Amino acid sequence: MNDSLEPIHILLVEDDPGDVLMTQEAFEHHKIRNTLSVVSDGEQALQFLRREAPYEDAERPGLILLDLNLPRKDGREVLSEVKASPELRSIPVVVLTTSEAEEDILRSYDLHANAYVTKPVDFDRFIDVVRQIDNFFVTVVKLPR
């Protein structure tokens, strides 16, 4: 990674503790300098993004990694609300999910997801995918401030 690039803040919306741990380990393993916040359901994700209690001091993320199958409010609803909001729609959203269903892929892109990535079940491959997402969105893509 280019050291002149500023780290970004990433919001991981994931209810599976194992996937949260693997994502955190991928960040540590690859010395990813970006900061990572984690929420475990769709309601918390929207509270975080809107800086509602208990997230009043939350940093605006430069990237959202969003699971689709979440409790309370699923990822499709979160994606729809984020992309409908003038304040939030410029934040890139990568759907990171286990679903390979064509309907989920199509619906995610219809809701303006920036990318759709199926989570690999293999740990090493999962770490590689997280690293590639990070590299792409930090070193290749120009993100809004």
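Student: Where is P54 found in this structure?

Tutor: This is a predicted model, and in it P54 is found in the loop between α2 (42–50) and β3. Here is the general idea to keep in mind: most residues other than glycine have a negative phi, and most peptide bonds are trans. Now look at the bond joining A53 and P54: this peptide bond is cis, with an omega of about 5°.

Student: Which residue just after α2 takes a positive phi?

Tutor: That is R51, with a phi of about 55°. R72 has a positive phi too, about 65°, although it is not a glycine. You will find R72 in the loop between β3 and α3 (75–84). H112 is not a glycine either, yet its phi is positive at about 75°. H112 sits in the loop between α4 and β5.

Student: Are R72 and H112 buried or exposed?

Tutor: R72 has a relative accessible area of 58%, so it is exposed. H112 is exposed as well, because its relative accessible area is 55%.

Student: Before we go on, what pLDDT does the chain average?

Tutor: Where pLDDT is low, the predicted coordinates should not be read in detail. Here the chain averages 89, and 92% of the residues score at least 70. Among the elements of the chain, α2 has the highest mean pLDDT, 98, while α5 has the lowest, 84.

Student: Now the sheet. In what order do its strands stand?

Tutor: In general, strands of a sheet pair through backbone hydrogen bonds, either parallel or antiparallel. In this structure, 5 strands make an open sheet, ordered β2-β1-β3-β4-β5, and the pairing is parallel. The edges are taken by β2 (35–39) and β5 (115–118); each has a single partner strand, so one side of each is left without a neighbour in the sheet. On average, neighbouring strands of this sheet are turned by 20° against each other, direction ignored.

Student: How many bridges link β1 and β2?

Tutor: Strand β1, residues 9–13, pairs with β2 over 5 bridges in the parallel sense.

Student: Which strands does helix α5 lie across?

Tutor: Helix α5 (residues 123–140) lies across β1, β3 (63–66), β4 and β5, and runs at about 175° to β4. Helix α4 (residues 102–110) lies across β4 (93–97) and β5, running at about 155° to β5.

Student: Which residues have the most contacts inside the largest nonpolar core?

Tutor: The general idea is that in soluble globular proteins, nonpolar side chains tend to be buried together. The largest nonpolar core here has 23 residues, and V13, I64, L66 and V82 have the most contacts inside it. At least two residues of this core come from each of β1, α2, β3, α3 and β4. The element giving the most is α2, with 4 residues. A second, separate core has 20 residues, including V20, L63, V117 and V130.

Student: What is I64 in contact with?

Tutor: Leaving aside neighbours within four places in sequence, the contacts of I64 are L11, V13, L49, V82, I91, P92, V93 and V94.

Student: Back to helix α2. Which of its residues are buried?

Tutor: In α2 the buried residues are G42, Q44, A45, L46, F48 and L49. These buried residues pack against β1, β2, β3 and α3. At the N-terminal end, D41 caps α2, with a side-chain oxygen 2.9 Å from the backbone nitrogen of E43.

Student: And what does Q44 touch?

Tutor: Not counting residues up to four places away in sequence, Q44 touches V39, Y55 and R72. A polar atom of the Q44 side chain also lies 2.8 Å from the backbone nitrogen of S40.

Methods. Residues are numbered from 1 along each chain as its sequence is written. This is a predicted model: local features need pLDDT of at least 70, side-chain atom pairs count only at pLDDT 80 or more; totals for chains, interfaces and linings use all residues. Side-chain values use heavy atoms; hydrogens and water are left out. Two strands pair if DSSP finds at least two bridges between them. Axes are lines fitted to C-alpha atoms, for helices over the stretch in contact, and angles run from 0 to 180 degrees between N-to-C directions. Contact means heavy atoms within 4.5 Å. Buried means under 20% relative accessible area, exposed over 50%, partly exposed in between (1.4 Å probe, protein chains only). pLDDT is the predictor's confidence in each residue, from 0 to 100. A nonpolar core is a set of buried Ala, Val, Leu, Ile, Met, Phe, Trp, Tyr and Cys residues joined through side-chain atoms within 4.5 Å. A polar contact is a pair of N or O atoms within 3.5 Å; within protein, one must be able to donate a hydrogen and the other to accept it, and residues adjacent in sequence count only if both atoms are side-chain atoms.
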